[in-house]
Amino acid sequence: MSKAKKPDQIVFNEQTQRYDAALKPYATNVGAPAIQVTDNSSWKTRNINKANKQIKAKYLELKAEYEKMMLSLEYNTLVYNSRYTFEPLIGETYHLYNDKHQQPFLSIIAPSDCNFDHIGSFLLNSELIWVKVEV
């Protein structure tokens, strides 16, 4: 046996030139139990499926909220671009109609009191956003 090469059961650190078996975080003697890597593929698969379901649920929730916001934007644009000759009051409900040229106009007259082409009824909330309401 050469001077540089130590036997396999001897734990010798070549960098520090010391025997450091007692400093290792694992057993180093021949009688120590073997270190075996556990199979965690089923754990990974199960948790990947759980995480994917959770992410998909959050995505669907955000998508529904986005569609709701886009509908609100559509209504808001429709009402603000319509014709009206008064200043709407916050908290009041107004009615949107089409005139004979299919141009939208806003009115305080309820659909039951007139025979215009009713598009919808809208409430101006405190954030100055038009919210569609059922009458």
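For this page, I call it a salt bridge when a side-chain nitrogen of Lys or Arg is within 4 Å of a carboxyl oxygen of Asp or Glu. I keep in mind that the model I am looking at is predicted.

Entry on salt bridges. I searched the whole structure and got two of them.

I looked up the pair in the helix to begin with. Glu-61 and Lys-58 form a salt bridge through their side chains, at 3.8 Å from N to O. Both sit in helix α1, which covers residues 41-80, and they are three residues apart, about one turn of the helix.

Then I went to Asp-99 and Arg-83. Their closest N and O atoms are 3.1 Å apart, and the two make a salt bridge. Asp-99 is in the loop between β3 (93-98) and β4 (104-107), while Arg-83 is in the loop between α1 and β3, so this pair ties together parts 16 residues apart in sequence. Is Asp-99 buried or exposed? I found it buried, at a relative accessible area of 16%. Arg-83 comes out partly exposed, at 46% relative accessibility.

Entry on the core. The largest nonpolar core has seven residues: Val-79, Tyr-94, Leu-96, Leu-106, Phe-122, Leu-124 and Trp-130. I asked which elements give two or more residues to this core, and got β3 and β5 (117-124).

Last, I picked Leu-96 and listed its contacts, leaving out residues up to four places away in sequence. Among them are Val-79, Leu-106 and Phe-122, and also Ser-82, Pro-104 and His-118.

Conventions
Residues numbered from 1 in each chain as written. Predicted model: local features only at pLDDT ≥ 70, side-chain atom pairs only at ≥ 80, totals over all residues. Heavy atoms only, no water. Helix = DSSP H or I, 4+ residues; strand = E, 2+ residues; numbered from the N terminus. Buried < 20%, exposed > 50% of the residue type's maximum accessible area, 1.4 Å probe, protein only. Core = buried A, V, L, I, M, F, W, Y, C linked by side-chain atoms within 4.5 Å. Contact = heavy atoms within 4.5 Å.
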